[in-house]
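Trainee: I'm new to this one and would like to learn how to read its features. Could you walk me through it?

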Amino acid sequence: MWYWIILAIVGIIAAILGYFFGKSDAPSAPDFSEQISILEIENAKLKADLDTCKKRLSSTKQPKISEELSSSIAANHVPAFNADEAKLAFGTKVKDNDLKIVEGIGPKIEGLFHDFNIRTWKQLSETSADKCQEVLDSGGKRYRIHDPASWPMQAKMAYEGHWKQLAEWQEKHRAGKF
């Protein structure tokens, strides 16, 4: 009988010691609640930024096109480049297919477009705003401040020789933004 009692006591002691040893060796689960909170806040900010961008895109209005421009587009008539008309509208000499005439495009951005084989007003006018953004992104972070949404439209006006309308549009929409 003592045999069974000693065996039971040894078993109980072994179980208690095993429990404590097992509990002390088990690594505690890391607490990620603080990191989760930070990420949730960041996610909320990004969602707000996305909503703002969507509202901005949905509220952009295409410029009204004059009857002269509409009839020219309808007739598919593209006049030859007239440097004198361009100079009269802008007050400065304009070179044929100079992408810098587009508000927001400078020499470095023009170079980025040339790297993507976009060298003429016609090519730029047929380029989507998303592709223009891709060109800007290829230049690095410093080009993210630019908004290329209006660049194809401005290039089309230049390509079609609508210098007065382009100059008026650029005057009305500073920095090339809708």
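**Reading the helices and rings**

Mentor: Let's start with serine 138, which sits in helix H7 (residues 129-138). Helices here are DSSP runs (H or I, at least four residues) and strands are runs of E of at least two, numbered from the N terminus. Keep in mind that this is a predicted model, where local features need pLDDT of at least 70, side-chain atom pairs count only at pLDDT 80 or more, and totals for chains, interfaces and linings use all residues. Residues are numbered from 1 along each chain as its sequence is written, and side-chain values use heavy atoms, with hydrogens and water left out.

Trainee: Is serine 138 buried, partly exposed or exposed?

Mentor: Buried means under 20% relative accessible area, exposed means over 50%, and partly exposed is in between (1.4 Å probe, protein chains only). Serine 138 has 42% relative accessibility, so it counts as partly exposed.

Trainee: What is serine 138 in contact with, beyond its neighbours within four places in sequence?

Mentor: Contact means heavy atoms within 4.5 Å. With those neighbours set aside, serine 138 touches Leu112 and Phe116. The C-alpha atoms of serine 138 and phenylalanine 116 are 9.7 Å apart, and the two residues are 22 residues apart along the chain.

Trainee: Which backbone oxygen does the side chain of serine 138 reach?

Mentor: A polar contact is a pair of N or O atoms within 3.5 Å; within protein, one must be able to donate a hydrogen and the other to accept it, and residues adjacent in sequence count only if both atoms are side-chain atoms. Here the side chain of serine 138 reaches the backbone oxygen of valine 135, at 2.5 Å.

Trainee: Which residues of H7 are buried?

Mentor: First, the general idea: an α-helix has 3.6 residues a turn, so residues three or four places apart point the same way. In H7, the buried residues are Cys132, Val135 and Leu136. They span an arc of only 100° around the axis, so they are on the same side of H7. That arc is taken from the directions from the helix axis to the C-beta atoms. The cover over these buried residues includes H5, H6 and H8. Just after H7 comes glycine 140, with a positive phi of about 110°.

Trainee: Where else is there a positive phi, in a residue other than glycine?

Mentor: Asparagine 97 has one, near 60°. Asparagine 97 lies in the loop between H4 and helix H5 (107-115). Asparagine 117 also has a positive phi near 60°, and its place is the loop between H5 and helix H6 (121-125). Asparagine 97 is partly exposed at 24% relative accessibility, while asparagine 117 is exposed at 51%.

Trainee: What about H8?

Mentor: Look at glutamine 154 in helix H8 (residues 151-159). Glutamine 154 is buried, at 0% relative accessibility. A polar atom of its side chain lies 2.8 Å from the backbone nitrogen of glutamate 103.

Trainee: How many aromatic pairs are found in the whole structure?

Mentor: Rings of Phe, Tyr and Trp (its six-membered ring) pair if their centres lie within 6.5 Å; planes under 30 degrees apart count as stacked, over 60 as edge-to-face and the rest as tilted. The search finds seven aromatic pairs. Among them, phenylalanine 90 and tryptophan 163 have ring centres 6.1 Å apart and planes at 75°, so the pair is edge-to-face. Phenylalanine 90 is in helix H4 (residues 83-90) and tryptophan 163 in helix H9 (residues 163-172), so the pair ties together parts 73 residues apart in sequence. Tryptophan 163 is buried at 3% relative accessibility, whereas phenylalanine 90 is partly exposed at 23%.
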